[in-house]
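Subject: Structure for you to look at

Dear colleague,

Please find below the structure I promised to hand over, together with its sequence. My notes follow it, and I would be glad if you read them with the structure open beside you.

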Amino acid sequence: MAERVEQRLEDRVPELEQLERVGLFTRRETRAVLRKASALEYKIQRRVLRKEDFINYIQYEINLLELIKKRRARIGYSFKKDEIESSILHRVHSLFNRATGKWKEDVQLWLSHVAFCKQWNSKHQLSKVFSTMLAIHSNKPALWIMAAKWEMETQLSSESARHLFLRALRFHPECPKLYQEYFRMELMHAEKQRKEKKKFEQAKMDLRKFNYSEEVLNGELARIIYRDAAQKIKGVEFHLAVLSIAKLFDFTQDLQKEILESLQTKYADAPLMWDYMARRELELGSLQTTEHTTKQMKVSEMTQREERCCAVFEEAVGAVPTEDMWKCYITFCLERCKRKTNSEELKQKRLQRTLSVFNKAHESSLLPEALYKQWLQLLLESSLFEKAMEVAEAATKRFSLSVEMWQMRLQVLIQLKSDSVTQCFEEAVKHVKSKGTLSLWTLWVEWSEGTNSKEDTDALYQRSLRATTPAESVTMKEMYLDWTYRIGGYKKVKRVFTSLCENRPFSLDFFRKMIQIEKEQESCKMLHLREYYERALREFGSTDSDLWLDYIKEELSHPQGKLENCGSIHWRAMKMLQGDVVEDFISKYTLLQTGHL
């Protein structure tokens, strides 16, 4: 091992001598590099190899390259690159090859090598890296796409990119992303050839010797790819993705028409297809921009476009009467409604249209649950309070088991200060099962705190404890304790705390809240604090080390605390705590003893 390390260090000497000779590094710096390299070399020559050692070595060499680059820029010296940088680059590639050979499954390691090759323009090496990586990770379409893009965009070789895509499709014959990128590549190739041909024509050169194919120039290869993909890949999303790619190129009108016709024929009942066809109307038939185009003309044109979109959507909800189709229609209307405009007339038309569509979807019983909330928000923002109350009531009738719907209706009633809030709460808890009703009860008691008498609110809190599940009652206990202290003071909260302690479960915050209340009193008694800590430790003493430490701190800092109790508490903690928490307690207790906690 030592011989190999020494040999590699000797191989470094010429480049270090050159660095020193040309003034990029000092003698002291070259010796430091040699020492560091020696340490890193020994680490990667061990019997048991570690990936981190290779990564650290590679990173060190990359940092060295960056430093040389900065030094060259500073002193303006650009010679001897073959003797200096080339040997370092060769060494980094060698390290990457060893690392990827050992840990073949680590994709990130391969990608790091790819990034390094791109950064330092090692094209020949990168071609080898892609070839080896794809042989091992042929099951990852993203890597095939990356390699093909590099061939197309950097190497300017559409033939190599095409070859890679065809190989990739043999492994992944139904991968939509591969077909999309292959489709894009062929259109880019066609556009590139069209530009070349145009330049040659302008130069009045003989085009016969270049052998341009009209089919390739018109994007026929992309058409073949689309047709092949359409037979294998089902789903409107793929067709829309391919269509959006084709629209980026100005010579694909016929291809776009074919994709559009196929889309309409195959997916006549797909909401996404109708959504696309409707939104397409916004782009069609735009006015010619002239100096005489007035603001009113622009508003009129936009109104006509939006009306055409809505006409398509109306046809769509008639042909495909589903929740998803109505959702697409409403989403479009909401988007238009939120768009800024200086025209009050257009703003009002958009609002009326949106509210009308919401109403139609509701009457058809096809309005999704999630959209009722947006409808209500729009009504409240438009000050249509009576309609908002009607909609909220209708939503709870249709989705009577939904906690969110009842909560939404109640929030509307509370906001409008309605007299029927209590009645609505009673209806809600009747319809909804006890599990998951915590949000309803918290809303109810919070409303009651600001509206009803203390007695009614107290009775409501006690009722909520019985109505909620044990896990949810924990939150209600904390809220009850906090409210009681704010309204009734210390004596009242102490009685409530004692009564609540009769029924499990509890939360740690429940006990901590009571401890904090006790500490806020002028005559804070250690006897009471001990009681609360002991109750908390019975529930959480085996899992929470901080609780024990706080108990010890209390005995140390409180005027009525007893120092001799600390040893007893520490002994009990060591017996009761379990697992890793014991070590945490020991380290924190040591810090406490030394005054660092």
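How far is the sulfur of C524 from the closest cysteine sulfur, and in which residue does that closest sulfur lie? Before I answer, please keep in mind that this is a predicted model, so everything below is computed from predicted coordinates.

The closest cysteine sulfur to that of C524 belongs to C566 and lies 16 Å away, which is too far for a bond, because a disulfide needs the two sulfur atoms within 2.5 Å. C524 itself is buried, with a relative accessible area of 14%. Another cysteine, C175, also counts as buried, at a relative accessibility of 14%. For the structure as a whole, the number of disulfides is zero.

Domains

The domain assignment of the protein chain gives domain 1, which covers residues 1-103, and domain 2, which covers residues 529-596. Taken over C-alpha atoms, the centres of domain 1 and domain 2 are separated by 54 Å.

Helix pairs

Two packed helices are described by the angle between their axes and by the distance between those axes. I looked at two such pairs, and I take them in order along the chain.

Helix α3, residues 51-75, packs with helix α4, residues 85-102, at an angle of about 160°, and their axes are 10 Å apart. The two helices are therefore roughly antiparallel to each other, since an angle over 145 degrees counts as such. The crossing in which α3 passes α4 is left-handed. On the α3 side the contact is made by F54, Y57, I58, E61, L64, L65, I68 and R72, while α4 contributes E85, I88, L89, R91, V92, L95, F96, R98 and A99.

One of the α3 contact residues, Y57, can also be placed relative to A39, a residue of helix α2, which spans residues 27-43. The C-alpha atoms of A39 and Y57 are separated by 9.5 Å, and the two residues are 18 residues apart along the chain. A39 counts as partly exposed, with a relative accessibility of 42%.

The second pair consists of helix α14, residues 271-283, and helix α15, residues 295-319, which pack at an angle of about 165° with their axes 7 Å apart. That angle makes α14 roughly antiparallel to α15. Here α14 passes α15 in a right-handed crossing.

E186 lies in helix α9, residues 176-202, and is buried, with a relative accessible area of 3%. If residues up to four places away in sequence are not counted, E186 touches R162, L221, A222 and I225.

R530 is found in helix α26, residues 526-540, and counts as buried at 16% relative accessibility. With residues up to four places away in sequence again left out, R530 touches Y551, E555, Q560, G561, K562 and N565.

Backbone details in the loops

Which residues have a positive phi although they are not glycines? One of them is N121, with a phi of about 55°, which is found in the loop between α5 (107-119) and α6 (123-136). N121 is exposed, with a relative accessible area of 56%. Another is S383, with a phi of about 60°, which lies in the loop between α18 (369-381) and α19 (385-398). S383 is partly exposed, and its relative accessible area is 48%.

Finally, the peptide bond from R504 to P505 is cis, with omega near 0°. P505 lies in the loop between α24 (470-500) and α25 (508-519).

How values were computed
Residues are numbered from 1 along each chain as its sequence is written. This is a predicted model: local features need pLDDT of at least 70, side-chain atom pairs count only at pLDDT 80 or more; totals for chains, interfaces and linings use all residues. Side-chain values use heavy atoms; hydrogens and water are left out. Helices (H or I, at least four residues) and strands (E, at least two) are DSSP runs, numbered from the N terminus. Buried means under 20% relative accessible area, exposed over 50%, partly exposed in between (1.4 Å probe, protein chains only). Domain bounds come from an automatic or database domain assignment. Axes are lines fitted to C-alpha atoms, for helices over the stretch in contact, and angles run from 0 to 180 degrees between N-to-C directions. Angles under 35 degrees count as roughly parallel, over 145 as roughly antiparallel, 65 to 115 as roughly perpendicular and the rest as oblique. A crossing is left-handed if the near helix is turned anticlockwise from the far one by less than a right angle, and right-handed if clockwise. Contact means heavy atoms within 4.5 Å.
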